[in-house]
Amino acid sequence: MQKTKSFVHLKMNLFWSRATIRQLQWLVWVAVYFIIFFSFLPMDGPVEAAIFTLINTIFYALIIYGNISFLFPRFYERGKYVQYTVYVFMLLLTAGVLRGFLSMNIYNHYFAPTPEAITSKTLLNFIIPGVLIYMLSFIFRIAMAYFKIKQQAEDILVQKSQAELNLLKSQVQPHFLFNTLNNIYYEAYREAPRTARLIERLSDIMRYFVDESPRDEVSLATEIQFLENYIALEKIRIRHDIDLNFIHHFNPDVRIPPMLLMTFVENVFKHGIDKSSSDNRVEIALTQQDRHLIFQTKNRIHDKTGAGEPSGFGIENLRKRLSLLYGTNFELNIEDSDGFFTALLSVPLL
């Protein structure tokens, strides 16, 4: 018995959570119809009760939807209060008179032992209940708005759950690759420790992209480690040794937006290195001064690489990002002189 109740409760919950606003309105009107029908049934019999219940339900719906779907949004919500009041009065009067004439004519023609006269008092009895229905229309409107908001909230939760599921799915392949790289690292370590170390750096870089780059902030130590891994992997692609000096002095507790310094280092290897030359000199410095972080790259200009100034949109995109992060409270300078290309970035530490 308890299992049956639980199953019924579950089915009802599923219905209410999946029902649309239109379906719920139909359900409400069906319920209203049967409530009125069973209230008429003892006095009028099934046929008469069914007919007059249908007439009353139609006119009740006319008043409710006429108000909440047409008059209220088009007049009251736009500040046309006098027009709204006049039209509501006309709606109630018209609906009451039409319902009175229709009901009395059907009653006199099919059900009355002796026809009854249609008087002003008779019609007034059909108009006055319309005022109560008009007042109930606001409760109906609030209920619809509540259900719509509730449905939107449920949709947002479903979308959030789906997004979290997709995120978990998207992390499966990278973590599989991390584990595979770790296995390769241990195999390579026996034969070629230097290759194993490069595999480890590649794994760290990929983990940074997956775990750290989506965050709003990362520790400066993590960012430096990422840059050092990137530099080590870039150096193996160059035939000759590079005279590269990376100096950094900073507080390990400092946090900055991720990938903030990467553009400069990437441009050094993309535009500031002549792979066929043995004369490649690069200086990278990161210092902390007066609550500001100062990052500078300097590389020799080669004839093959032109002025050494990076092409593309890397620096421009970085400038836009800095504007979003710091407004005008940052410094970004790029210049070439004395055979060297220099890029300097200074940002405040919050």
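User: Among contacts between residues at least 6 apart in sequence, what share joins residues at least 24 apart?
Analyst: In the protein chain, 69% of those contacts join residues at least 24 apart, a contact being heavy atoms within 4.5 Å. This is a predicted model, in which local features need pLDDT of at least 70, side-chain atom pairs count only at pLDDT 80 or more, and totals for chains, interfaces and linings use all residues. Residues are numbered from 1 along each chain as its sequence is written, and side-chain values use heavy atoms, with hydrogens and water left out.

User: How many helices and strands does the protein chain have?
Analyst: The protein chain has 9 helices and 7 strands, taken as DSSP runs (helices H or I, at least four residues; strands E, at least two) numbered from the N terminus.

User: Where does Asn108 lie?
Analyst: Asn108 lies in helix 4, residues 81-111.

User: Is Asn108 buried or exposed?
Analyst: Asn108 counts as buried because its relative accessibility is 18%; buried means under 20% relative accessible area, exposed over 50%, and partly exposed in between, with a 1.4 Å probe and protein chains only.

User: Which residues does Asn108 touch?
Analyst: Leaving aside residues up to four places away in sequence, Asn108 touches Pro115 and Glu116. A polar atom of the Asn108 side chain lies 2.9 Å from the backbone nitrogen of Glu116.

User: Turning to helix 2 and helix 3, at what angle do the axes cross?
Analyst: The axes of helix 2 (residues 21-44) and helix 3 (residues 46-76) cross at roughly 140° and come within 8 Å. The axes are lines fitted to C-alpha atoms over the stretch in contact, with angles running from 0 to 180 degrees between N-to-C directions.

Methods. Polar contact = N/O pair within 3.5 Å; in protein donor to acceptor, adjacent residues only side chain to side chain.
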